[in-house]
Amino acid sequence: MRCPYLDCKADIAGGRTRCQKCERQLKICRKCATSNRVFAVHCRECGTPLPDSDADWPMFKQSAQGLGVNRFVITKKFPEIRPEHEENFRLPDRCKSLLVYDNYLFAISQGGEVKVVDISQVPFKELTSFNVGGKVYSVPALNHGSLYIGAEKSLQAYSLGKLFSDTSAVEPRWTVPVNATPIRSLLPVENRLLFTLAYPDRHHEICMISDIETDHPGSPATLHSGSHLSSMAAHFTAKNKKVYFFSANGSEEVELHCIDNITGSDAELVTLPVKKAPSKFRKVIPIAIIGASLFVVFKKDETLCRVDAATGEINALLCKNVQDFVMAGITEPIVNNSKGLFFKRINRQAEFQSGQKIRGNPLVLKDFAVIVGMGDGNVHLYDIRNPEMPAVWDVSDHPTDQITALAASRNILMAGNDKGLVKICRL
Ligand SMILES: [Zn+2]
Ligand SMILES: [Zn+2]
């Protein structure tokens, strides 16, 4: 059998899920065992539907859980960790998001420019670029062979099936108009797309479109409306897919909402009071979920709390002065802290003073390193066990530039900044 990527075409042994020559991911058809490219949704030989791949960084903070943890295990150890084989390219304006799926980097600017780059080789190869025709305030998502983007007043879907074929084009699939601005992050769940709309009067709505994998998606349906809504986080098991978000009303009563069985015909919205909530939550800090625990930052003392997803009860106050966080484990938040402390693993009592402001969301390489965008425009890599001696990745020469996006795929790190610079390195 031949590798399905036209620039490789190596002979590949049957059953392999990665080409041994170009190292790209292969989707093997269950019926006829043909290998297909990573964004294929149907087998190129027999047309059988193919399941989605196990992607690396397809949406905000790596996944619908919002954890910011890359699962790939890097075998190098500190202090041998060094950013190597640096490369870069530029977007025309502020880098809004970096998504990476196997070896393909999607860089999206706030002005709506999308660049698709094959990072499987050094130097990387730019495959295509296009503009979505409006500003992008939400984080796009990659799901089952499509790229979903929320631009001003519209949601758009693009097919990626032709990437790495002879044309390498990204093909528009559909556009659904919306009468407000999509913000935060898009959340595709199988054939449905959830998103948050911001209206000029400052009220927000959590909405859903059905049939997104067809050419005729449904109209947006509003699931919840309010002035104080959190981001969404989702927990997927084989039997059930649940989406969670918080809301608060004028009297500061906080509620937890769960859309149960979201892909089923019997999807239902369940609402629970969050008893003894210390205050409203900070809606600009995204929530996260691990198993049956939700993580949310309340305004009072900027406290990161753990909430039982089944009962809505607060069952732990994890730390205070939290500006942003990632979760390395259920009791192990790594936080940006307003006092300049920047990370804290509860179990190990490790606290560390960065000495400068943190920009953007931190990320974690599984159980090993914390990657943080610093106030001087560069990125620091900290040993999770011994943070005193970070590896420094010089992203920009200008100390006023700000890191706006970080992502990781296997041993490849990517950083984008507010001047549109996107830098790639290998560890
Ligand atoms: Zn190959
Ligand atoms: Zn097949």
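This section describes the fold, the domains, the strand pairing and several local backbone features of a predicted model.

The secondary structure of the protein comprises 0 helices and 35 strands. The radius of gyration is 21 Å, close to the 22 Å given by the globule rule for 427 residues, so the protein is as compact as a globular protein of that length. The C-alpha trace extends over about 60 × 50 × 40 Å along its principal axes. Of the 427 residues, 51% are buried. Among the contacts with a separation of 6 or more, 42% are between residues 24 or more positions apart.

Two domains are assigned: domain 1 covers residues 1–51 and domain 2 covers residues 52–426. Their centres, taken over C-alpha atoms, are separated by 29 Å. At the boundary, 13 residues of domain 1 are in contact with 14 residues of domain 2. The side of domain 1 that touches domain 2 consists of 8 nonpolar, 1 polar and 4 charged residues.

The largest nonpolar core contains 131 residues. The members that touch the most other members are Leu98, Phe106, Leu187, Tyr244, Val296, Ile371 and Met414. Both domain 1 and domain 2 contribute at least three residues to this core. For Leu187, the contacts beyond four places away in sequence are with Ala64, Ala141, Leu194, Phe195, Met232, Ala234 and Val243. Tyr244, another of the core residues listed above, is among the residues touched by Ala309.

Ala309 is located in the loop between strand S23 (303–308) and strand S24 (314–319). With 20 other C-beta atoms within 10 Å, Ala309 is buried; the cut-off for this class is 20 or more. Apart from residues up to four places away in sequence, Ala309 touches Tyr244, Ile289, Ala292, Ser293 and Leu294. Glu253 is 56 residues from Ala309 in sequence, and the C-alpha atoms of the two residues are 17 Å apart.

Strand S7 (residues 113–118) was examined together with its two partners, S6 and S8. In S7, 6 of 6 residues are buried. In a regular strand, side chains alternate between the two faces of the sheet. Both faces of S7 are covered, with Glu113, Lys115 and Val117 buried on one side and Val114, Val116 and Asp118 buried on the other. The buried positions of S7 thus include Glu113, Lys115 and Asp118, residue types that are classed as charged.

Strand S6 (residues 104–109) pairs with S7 in the antiparallel sense over 5 bridges. Within this pair, Tyr104 has Asp118 of S7 as its bridge partner. The two strands form a hairpin with 3 residues between them, and Gly112 in the turn has a positive phi of about 100 degrees. S7 also pairs in the antiparallel sense with strand S8 (residues 125–131), over 6 bridges. In this pairing, Val117 is placed opposite Glu126 in S8. The hairpin that joins S7 to S8 runs through 6 residues. Pro123 lies in this loop, and the peptide bond between Val122 and Pro123 is cis, with omega at about 0 degrees.

Pro79 is placed in the loop between S3 and strand S4 (84–90). Strand S3 also belongs to an open sheet of 5 strands, which has the order S3-S29-S30-S31-S32 and mixed pairing. The edges of the sheet are formed by strand S3 (69–70) and strand S32 (391–393), each of which pairs on one side only. Strand S31 (residues 379–383) and S32 are antiparallel and share 3 bridges. Leu381 has Ala391 of S32 as its bridge partner.

Positive phi values also occur at residues other than glycine. Gln62, in the loop between strand S2 (35–36) and S3, has a positive phi of about 80 degrees. Gln62 is buried, with 25 other C-beta atoms within 10 Å. Arg184 has a positive phi of about 60 degrees and is found within strand S13 (residues 181–189). Arg184 likewise counts as buried, because 23 C-beta neighbours lie inside 10 Å.

Definitions and conventions. Residues are numbered from 1 along each chain as its sequence is written. Chains are lettered from A and ligands numbered from 1 in the order in which they are written. This is a predicted model: local features need pLDDT of at least 70, side-chain atom pairs count only at pLDDT 80 or more; totals for chains, interfaces and linings use all residues. A residue is buried if 20 or more other C-beta atoms lie within 10 Å of its own, exposed if 12 or fewer, and partly exposed in between; C-beta atoms are placed from the backbone. Helices (H or I, at least four residues) and strands (E, at least two) are DSSP runs, numbered from the N terminus. Two strands pair if DSSP finds at least two bridges between them. Two residues are in contact if their C-beta atoms, placed from the backbone, lie within 7 Å. Domain bounds come from an automatic or database domain assignment. A nonpolar core is a set of buried Ala, Val, Leu, Ile, Met, Phe, Trp, Tyr and Cys residues joined through C-beta atoms within 7 Å. The radius of gyration is taken over C-alpha atoms; the globule rule is 2.2 Å times the number of residues to the power 0.38.
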